[in-house]
Amino acid sequence: MKSILIKGGHLIDPPSRTDRPRDLLIHDNKIVELGDPGKLNATAKKEGAEVIDATGLIVAPGLVDIHVHLREPGQGYKETIESGTKAGAMGGFTALCCMPNTSPVVDSPEITRWVLSPERNAVIRVFPVAAATRGSMGEAITEYGSLKAAGAVGVSDDGKPVLQDAVMHQALIAAARAGLPMIQHAENTKITVGASMNAGARAFRLGLRGMSVEAESGIVERDIRLVRELTTSGKGPRPHLHVQHVSTAKAIEAIRHAKRAGLHVTCEVAPHHFILTDEAVEGYNTHAKMNPPLRSEADRAAMVTALLDGTADCIATDHAPHAVHEKEQEFEKAPNGITGLETALSLSIKMLHHQHRMPLLRLIHLMSTAPAHIMGLRGRGTLAPEAFADVVLFDPKSTWTFNARNSPSKSRNTPFDGHTLPGVVKMTISEGRIVYKA
Amino acid sequence: MSPATKSASKSAPKSVPKKAAAQSPQPKATTPPADGIHPGSLLSITQLSLEEVSNILALAERLAGEPLSKHATLLENRKLALLFYESSTRTRTSFELAAKSLGAMTTLVSDKSSSIEKGESLKDTGLTLRALGAECIILRHNASGSPYLLAKHTGLPVLNAGDGMHEHPSQALLDLRTILSRLGKKQAVTETTLDGITVCITGDILHSRVARSNALLLPRLGAKVILCGPQQLLPPEAVDLSPGITLERDFDKALQQSQVAMMLRIQKERLAGMQIDLADYQKQYQLNEDRYFKHAPNAVVMHPGPMIRGLEITADIADGPSSAIEEQVRNGLAIRMALLARALNGGAA
């Protein structure tokens, strides 16, 4: 049994709306107590607690990323659960939900348990999202109940959308019964064949086939229609649709309407979609290639608005590591995706807190409390007594320069390499263990 | 440009005289080549200022006009590699003959008879050619943007000889040389050189790198460019390529306004499942005698080749007195000599 006292910091805890100087006492893997500065000194001394001086730092619940690719099983050359969780710890994350598009696909309780095995050496908590259909082939749904029992926190065919109406309908019902969110990568792949960037004038000039806005919004609208039908029928539990990495104003608008109508629809936005536009593709930069693609300035601005007005429930990175040789290819050949765990907090601070004056309390809500809630991660995303001692300490005022080579991630496919960014993570504590220290 | 991808320019052979590189002013361009890209490269027509275009045209004019012996040793002992991932007759042969006319050694690597077939990457192929002494690579590739990749990783001057659906900058320059000479204009250009001139580019605009390069260049000289074709082959966003471009679905109307009619082939190899009604296309967009004499009896007729006679153009027009098609091919040789000389002279033409 071990205690830690974090003192002198400015504590932010969105659920209790705490946003002031408070000390924090951790015992073993749980939060014990929050107290006014100095008030916990005596208790801490009695317990022989390790004292961490957080003067000038924000003390917040550890960040939660509900959309990452840890590449295991099968693609350990891109990332392992160990290297990916270390990159997460460096970025201030204490919980990651990993996608099932591995080799083999995480579509059985056995593979789910393999991901969760201590032998994977995860340094922070990993919560697998299991495949929604067998082999993520979009045909036969998997056994959601037993996947949940094995540790899955949601179901998704990420990267491959569930296209067939009937299968999606069935998946929504089965997920609701199992008490899991049905998580959709919204892309009508029938109309994005060969496409490698956002459709429009730039794609035309660059001679690249484009993904239209409608390829995303069409699936979001279809899914919302299915959720509405199931919700209003009154039969069975309410389905929960979670839309991954929304990138277009049109899809966000559909989600805004669904929320107003009281449907249980949530969504996430990735930092690159609120920071960059398809201009970053110029020169055929494969580190600006991802799916969904970087969009227009109007779409980018709509992502910021959605995060400010609450339409977007949370920030998720879609951390997608790829080996150097895979990205050093012709643009159309290079795989989709960029890494994101190391820079998400800094990019969010830069764009949302600095440029758009979003309070840090709200930012931490979007990066910790809300995503934990969406995935049903109990005792995460909060510093309330009895919650897991998942804590991040960061300096919001100073800056750092990101050097992708120094990341514990196995990959460095990021457009932000070399960027100087605000917000320095000083320490990450996962269930009472210090897993990262700057 | 991602700083993660390091430029290879440091390790590039120092064959290019530093002095020449220093003399060449940085191109004032809409999209200048990124860091680490050799200034002798020509990746996109947009990287050239009009002054540079004029310099290239002037050099081409001189090289085409003087006896072969005057420049037969200009690139003596220099090594050039032609790297072709797509079949080509005109572009490949003219680059090769251009290089040989200047005394350079050339080697041809094609995707079908090389280690590319075994899965060797473009980067490694480029590095191999560089290690063998190639000082410039002329690349034709089916993937848009591949010359950027090659230029970045080899640090060598790379000449884009057509990349996917992106650009074919040397074609735009030889087309410009052809237009200027047919219209009786000087081979030196300014923003007003083509004032009052309308060029219609007709056919499969969507898949055409020739259309893109021409549509990005000609309006900068004052020309009006009409892009003409059916919806499927000419999406509305094409109008945003450059100011001075308009779209026209009616070929007759486009012809009526044009002094130059540039025809394009339907690129069957790039249709990707698209269904085109060829009979209907022929009816609406074929340049034939009836249409030509009715709507644009004096227009200069151009085609980048290869032509599909009887589809987008008829034999009587292609072989007729208004056709500049063979002149385009001849001009290709001159332009490519100039581009090779420029590439091996640190970007100065």
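Does Asn77(B) count as buried or exposed, and how many C-beta neighbours does Asn77(B) have inside 10 Å? Asn77(B) counts as exposed, with 9 C-beta neighbours inside 10 Å.

The model is predicted, so local features need pLDDT of at least 70 and side-chain atom pairs count only at pLDDT 80 or more, while totals for chains, interfaces and linings use all residues. Residues are numbered from 1 along each chain as its sequence is written, and chains are lettered from A and ligands numbered from 1 in the order in which they are written.

Consider the backbone next. Most residues other than glycine have a negative phi, and most peptide bonds are trans. Asn77(B) is not a glycine, yet has a positive phi of about 70 degrees. In chain B, this residue lies in the loop from helix H3 (68-71) to strand S1 (79-84). Helices (H or I, at least four residues) and strands (E, at least two) are DSSP runs, numbered from the N terminus.

Asp28(A), also not a glycine, has a positive phi of about 55 degrees. Its place is the loop between strands S4 (23-27) and S5 (30-35) of chain A. Asp28(A) is partly exposed, as 13 other C-beta atoms lie within 10 Å.

Now the peptide bonds. Ser103(A) and Pro104(A) are joined by a cis bond, with omega about 0 degrees. Pro104(A) sits in the loop between strand S9 (93-98) and helix H3 (109-116) of chain A. The bond from Asn291(A) to Pro292(A) is cis, with omega near 0 degrees. Pro292(A) is found in the loop between helix H9 (271-275) and helix H10 (297-309) of chain A.

Definitions and conventions
A residue is buried if 20 or more other C-beta atoms lie within 10 Å of its own, exposed if 12 or fewer, and partly exposed in between; C-beta atoms are placed from the backbone.
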